[in-house]
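Here's a quick briefing to read alongside the model. Have the structure open and follow along.

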Amino acid sequence: MRSGSTFIGTDAGTEQLITALRAGGFDVGPPTTVATTVLDTFDGRVHRAGLRLTRRNAVLVLAGREVVTVEVASPAVPRVATDLPPGPFRSRLAEVLDVRALLVLATFTSREHPIVRRNSDGKVVASASLVERVEAPPGPLGEWFVVVDDVTGYDRRSSDLGALVVAAGARPLDDDDGTIADIVLRAAGVDPAGHHDDPSVPLDADEPALDGFRLVLANLAASIVANVAGTIDDIDSEFLHDLRVAVRRSRSVVGHGRHVLPADLGEWGANELKSIGTLTGPPRDLDVYVLEWDDYVGGLGADVVRALQPVRDQLESSRAAAYDDLAGMLRSDAVTRFLRQWQGRLAAPIDPALGGRDAARPLAAVVRRRIDKAQSRLLDHGRAITAATPAEEVHELRKDAKKLRYLLECFGGLLPDDDRTAFVKRLKALQDNLGEHQDAEVHVAELRQAVAELPTGTAPTTFVAVGQLIEQLDARRQAARDEFAERFTAYDSPKTHRALARLLDGMTA
């Protein structure tokens, strides 16, 4: 791995440097052309991990500060970690990427001369590369670079090499410069940090509630739009997840703002967002099923898992069809027009006189009341649930918990971070239980649907295996249901009530 210094030169040519290096006892080899592709996820997970993933010609390189560089042959640009052969490289990359796919951030070419110095025994005591003629969008870079490798035990020789490079008019790259790839990305206008769907925006507690709700909804609208293309292209499952969450958050904020937003804006937004949200449900449910499949069948024997393969194939087929339907809807003129107009309506301040009765009230006062109401609703509904309560009512409680969570996330700019984190941790424990119950309920229904669509002639062993998987999923559902009372009691406790009181008391005012 190249972990030494990198130098940048801005003079017109490198002839003086090459001459000086050769005079100093360094061999400068003929140039080779290198095509470099910089890869990362949409949300910059490689960058966030302090790493850089590049493909240099047909070799994939994972590097970073204070880490051991690893390389692996890569005949093609990988899309996901499983495109690579099993081994340490794949394992490390999979840990970073999780379910996200790799995207090409930039591609550039360069000419690279190897620089080597050997001692009398022929051992390499200094090594570097002269990188010149860097061609990258939007045009060629005017600089050249020297990348010096660390050669253990021969620091002085590397220093001699660095001194010659500096004497030729170069300077070391500093932290602000980054690497050659960083310079290329900046020139191309690409932010290696990627896109992040943060539901919280800076808010003023004393500003009119209408201004705060508009800012929150505008931020969520940007998140929806940012994830549309990736969802249509089915790049990875997180695009649909993030789009769906942004839609649901938007619907929740619109609902909480029914006495804040102008009536026409709120009604229009609620109806259109509901339509989008409805179509995102089936493909997302199938995404979860496919992602969790190995976990779901983990307790079954190998023969049973093999017998279930036709069912998995049917689920994959249903997922593809659901994505096709969703992509068609997202491409439609109606949705494209709504998202454009929705962003337009939210882009500029709205006269509070056009809003609801709470439009001009201080934002913090309105949000505090909405959080209080959401918490009261959650507690009232949760206390009414018994072992005999239908699953539909348990699912409604999950929606109540989500609405409260969305308030805390979207208006987080008003709330103290530490108190919000402490309270959300308690709420999340309840949500996890409700989610486990709902996922198992939904996936049993999807499994039965997939079985109904299996082709004639499917082996009887498959239907027997389905019965075993349904039993396993139902056991999960029942376990979550049995655990609900304990989870809810832990949430409906003086400790939780105090945590919420601290959170609201700490709201900026």
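This is a predicted model: local features need pLDDT of at least 70, side-chain atom pairs count only at pLDDT 80 or more; totals for chains, interfaces and linings use all residues.

The largest pocket holds about 2000 Å³ of space, and its lining runs to 50 residues. Helix α8 (263-296) turns up in that lining, and α8 also packs against α14 and α11.

**The largest pocket**

- If you want to find the middle of the largest pocket, look for R244, R248, R398, K402 and Y406, which lie nearest its centre among the 50 lining residues.
- The biggest giver is α7, which puts 13 residues into the lining of the largest pocket.
- Sorted by class, the lining comes out as 28 charged, 12 polar and 10 nonpolar residues.

**α1 against α4**

- Helix α1 (residues 15-23) and helix α4 (residues 155-167) have axes that come within 9 Å and cross at roughly 145 degrees.
- The crossing of α1 past α4 is right-handed.
- On the α1 side the contact uses Q16, L17, A20 and L21, while α4 brings L161, L164, V165 and A167.
- No charged residues take part in the contact of α1 with α4, which has seven nonpolar residues and one polar.

**α8 against α14**

- The axes of α8 and α14 come within 11 Å, crossing at roughly 95 degrees.
- That angle is why α8 counts as roughly perpendicular to α14.
- From α8, the contact takes in D285, L286, V288, Y289 and Y296, and from α14 it takes in D439, V442, H443, E446 and L447.
- Six nonpolar, three charged and one polar residue make up the contact of α8 with α14.

**α8 against α11**

- α8 also packs with helix α11 (residues 333-347), at an angle of about 145 degrees and with the axes 11 Å apart.
- Here the handedness is left: α8 passes α11 in a left-handed crossing.
- The α8 residues in the contact are D264, L265, W268, G269, E272, L273 and I276.
- Facing them from α11 are V335, F338, L339, Q341, W342, R345 and L346.
- By class, the contact of α8 with α11 splits into nine nonpolar, three charged and two polar residues.

Technical notes
Residues are numbered from 1 along each chain as its sequence is written. Side-chain values use heavy atoms; hydrogens and water are left out. On a 1 Å grid over the protein atoms alone, a cavity is a set of points where a 1.4 Å probe fits but cannot get out, and a pocket is an open set with protein on both sides within 12 Å along at least five of seven lines; lining residues have an atom within 4 Å of a point. Grid points are joined across faces, edges and corners, and a volume is the space filled by probe spheres set on the points. Helices (H or I, at least four residues) and strands (E, at least two) are DSSP runs, numbered from the N terminus. Ala, Val, Leu, Ile, Met, Phe, Trp, Tyr, Cys and Pro count as nonpolar, Asp, Glu, Lys and Arg as charged, and the others, Gly among them, as polar. Axes are lines fitted to C-alpha atoms, for helices over the stretch in contact, and angles run from 0 to 180 degrees between N-to-C directions. A crossing is left-handed if the near helix is turned anticlockwise from the far one by less than a right angle, and right-handed if clockwise. Contact means heavy atoms within 4.5 Å. Angles under 35 degrees count as roughly parallel, over 145 as roughly antiparallel, 65 to 115 as roughly perpendicular and the rest as oblique.
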